[in-house]
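Colleague: I'm new to this one and have a few quick questions. Can you walk me through it?

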Amino acid sequence: MGGPQGGVVPGPEERPKFREHAQGNEGLALRRETGDAVVTDVRIIGNRSVGIHRIMQQLQTRKSRFYDYETVLGDIRRLNDMGAFDHVTFKLDEQPGGVAVTYLVHERPMITQVIFHGNRAVNDRELKGRAGIEKSDPLNEFSIESARRRLIDYYHEEGFNQAVASHSIGIKDDANAVVFRINEGPKERIAEIRIQGNTIVKESRLKKIINSRGPMAGVLNYFSNTADLRKIDQDVDVLAAYYHNLGFLTATVGRRIEYDESGKWITVTY
């Protein structure tokens, strides 16, 4: 109804042929990779435990691509970031058809086994999970020290506030074994929580807003009252913030810990 009357409706506009389109745009810009020489081959030398496929996944230098120095440096950085090598270099072999790139890797020693001595309350399986290192991981002093600290943190969370741990590398006939020696100490529990100096807020109310808990009656005497010193210290800030929110901006809170003769039960006074 809207077309011209008495005339012929025009057909769709013809699309220009590809050659005409290219000539009209003064040719098509072709994108090419950077570099002048083509990579004829990529080799890995020095790996023993780390699989060749795992290493190749980190490389962006590929056979039949253009060689680029910055890309190779990026490959070196990615291989070092794997944590499995303590030294990575490369060398070039110029050939008539291009250049072959060889990566020279020197693997870190691998952990052969993880051994725990002195643990009684916590089994080896739990400790291995908490440590975060295991057999076939790179033998790295920093990783082992971090594992030792994680073990100490776990013991403290479980109420073994006197726990200490040390580590060593190597035993007889196994130079790459990692040994953790642990002195757990007693598991500490809260016998009582006291709050002193409060006049505006009842003690029962303040005990509800803190995270630490004393023992319950009867068979629940050993339930939810593990003595986590970090949590006890955090409760100092919880109480102070509570009073500040009430408008007592100069209120201060401290805490005192007293042990019984066994060294297993503590009384916390805020």
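Colleague: Let's start with Glu 157. Is Glu 157 buried or exposed, or something in between?
Modeller: In this predicted model, Glu 157 is partly exposed, at a relative accessible area of 38%. Buried means under 20% relative accessible area, exposed means over 50%, and partly exposed is what falls in between, with a 1.4 Å probe and protein chains only.

Colleague: And what does the side chain of Glu 157 meet in a salt bridge?
Modeller: Arg 230, with 3.0 Å from N to O. A salt bridge here is a side-chain nitrogen of Lys or Arg within 4 Å of a carboxyl oxygen of Asp or Glu. Glu 157 sits in helix α5 and Arg 230 in helix α7, so this pair ties together parts that are 73 residues apart in sequence. Arg 230 counts as partly exposed too, with 40% relative accessibility.

Colleague: Before I go on, how are the residues numbered, and what goes into the values?
Modeller: Numbering starts from 1 along each chain as its sequence is written, and side-chain values use heavy atoms, with hydrogens and water left out. Since the model is predicted, local features need pLDDT of at least 70 and side-chain atom pairs count only at pLDDT 80 or more, while totals for chains, interfaces and linings use all residues.

Colleague: Back to α5. Which residue forms a salt bridge with Arg 149?
Modeller: Glu 145, and the closest N and O atoms are 3.0 Å apart. Both residues lie in α5 (residues 141-157), 4 residues apart, or about one turn of the helix. Arg 149 is exposed, at 53% relative accessible area.

Colleague: How many salt bridges are there in the whole structure?
Modeller: The search finds 9. Another one of them links Arg 78 to Asp 75, with the closest N and O atoms 2.7 Å apart. Those two are 3 residues apart in helix α3, about one turn of the helix.

Colleague: Is Asp 75 buried or exposed?
Modeller: Buried: Asp 75 has 0% relative accessibility.

Colleague: What about Thr 89?
Modeller: Thr 89 is in β2 (residues 85-95) and is partly exposed, with 28% relative accessibility. Beyond its neighbours within four places in sequence, Thr 89 is in contact with Ile 76, Thr 102, Tyr 103 and Leu 104. The C-alpha atoms of Thr 89 and Val 105 are 6.6 Å apart, though the two are 16 residues apart along the chain.

Colleague: New topic: which strands form the hairpin with Gly 263 in the turn?
Modeller: β8 and β9, with 5 residues between them, and Gly 263 has a positive phi of about 80°. The two strands pair in the antiparallel sense over 4 bridges, and the bridge partner of Tyr 259 is Ile 266 in β9.

Colleague: Is Thr 267 buried or exposed?
Modeller: Buried, with a relative accessible area of 15%. Thr 267 lies in β9 (residues 265-269), and its contacts outside four places in sequence are Glu 192, Arg 194, Arg 256, Ile 257 and Glu 258.

Colleague: Last one: how many helices and strands does the protein have?
Modeller: It has 7 helices and 9 strands. Those are DSSP runs numbered from the N terminus: helices are H or I with at least four residues, strands are E with at least two. Of the 270 residues, 31% count as buried.

Technical notes. Contact = heavy atoms within 4.5 Å. Pairing = 2+ DSSP bridges.
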